[in-house]
Amino acid sequence: MLRHEFQPGRLIAGASLTLAAVIYAGDAGGAWETPLFVVIPVVTGGLCLAGAVGFLTGLIRRRRGRAHGLTGS
C-alpha cells in the first residue's frame, strides 16, 4: 500500500537537480572539466519540464475525480 501519491513532477525535478550535482561533483573531483554554463540548461530545463508534468498530472487527477463522481478539493 502506498503511503502517499506518486508525484512525477517532483521526481523529474529531483532527477535534474541530482544530475546537476553529479556534474559539479565530477568537476570538483577532477574527473572532467565542466564549463559553468552547462549546468544552467540542465537545471532550468529540468524545472520547466517538472512544472509542465506537475500541471498535467493535476489536470488528469482532477478530470478522473470528476469522472468518478468525487467532489471536493
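1. Contact means heavy atoms within 4.5 Å. With that in hand, take Ser-16. Leaving aside its neighbours within four places in sequence, Ser-16 is in contact with Val-42, Gly-46 and Leu-47. Ser-16 itself sits in helix α1. Helices are DSSP runs of H or I with at least four residues, strands are runs of E with at least two, and both are numbered from the N terminus.

2. A word on the model. It is predicted: local features need pLDDT of at least 70, side-chain atom pairs count only at pLDDT 80 or more, and totals for chains, interfaces and linings use all residues. Residues are numbered from 1 along each chain as its sequence is written, and side-chain values use heavy atoms, with hydrogens and water left out.

3. Start with the overall shape. The protein has two helices and zero strands. Its radius of gyration is 18 Å, whereas a compact globule of 73 residues would have one near 11 Å. That radius is taken over C-alpha atoms, and the globule rule is 2.2 Å times the number of residues to the power 0.38. Along the principal axes, the C-alpha atoms fill a box of roughly 55 × 25 × 15 Å.

4. The accessible surface comes to about 6000 Å². Carbon and sulfur atoms own 68% of that surface. These areas come from the Shrake-Rupley method with a 1.4 Å probe; for residues, only the protein chains shown count as cover. Buried residues make up 19% of the 73 residues. Buried means under 20% relative accessible area, exposed means over 50%, and partly exposed lies in between (1.4 Å probe, protein chains only).

5. Helix α1 covers residues 8–28, which is 21 residues. From its first C-alpha to its last, α1 reaches 30 Å, close to the 30 Å expected at 1.5 Å a residue. The expected span is 1.5 Å times one less than the number of residues. After α1 comes Gly-30, whose phi is positive, near 85°.

6. Which residues of α1 are buried? They are Pro-8, Gly-9, Ala-13, Ser-16, Ala-20, Ile-23 and Gly-26. Seen down the axis of α1, these residues fall within an arc of 160°, so they line one face of the helix. The arc is that of the directions from the helix axis to the C-beta atoms. The face of α1 turned away from the buried side carries the exposed residues Arg-10, Leu-11 and Ala-28.

7. Helix α2 covers residues 39–67. Its 29 residues should span 42 Å at 1.5 Å a residue, and its end C-alpha atoms are 42 Å apart, which agrees. The buried residues of α2 are Val-39, Gly-46, Ala-50, Val-53, Thr-57 and Gly-65.

8. What do the buried residues of α1 pack against? They pack against α2. The buried residues of α2, in turn, pack against α1. Not counting residues up to four places away in sequence, Ile-12 touches Gly-46, Leu-49, Ala-50 and Val-53. Ile-12 and Leu-49 are 37 residues apart in sequence, yet 7.4 Å apart in space, C-alpha to C-alpha. Ile-12 counts as partly exposed, at 25% relative accessibility.

9. Ser-16 is buried, with a relative accessible area of 8%. Its side chain reaches the backbone oxygen of Ala-13 at 3.0 Å. Thr-57, in helix α2, is buried with a relative accessible area of 16%. A polar atom of the Thr-57 side chain lies 2.7 Å from the backbone oxygen of Val-53.

10. Arg-61 is in helix α2 and counts as partly exposed, at 35% relative accessibility. Leaving aside its neighbours within four places in sequence, Arg-61 is in contact with Glu-5, Phe-6 and Gln-7. Leu-36 is found in the loop between α1 and α2. Is Leu-36 buried or exposed? At 60% relative accessibility, Leu-36 counts as exposed. The C-alpha atoms of Leu-36 and Tyr-24 are separated by 9.1 Å, with the two residues 12 apart along the chain.

Methods. A polar contact is a pair of N or O atoms within 3.5 Å; within protein, one must be able to donate a hydrogen and the other to accept it, and residues adjacent in sequence count only if both atoms are side-chain atoms.
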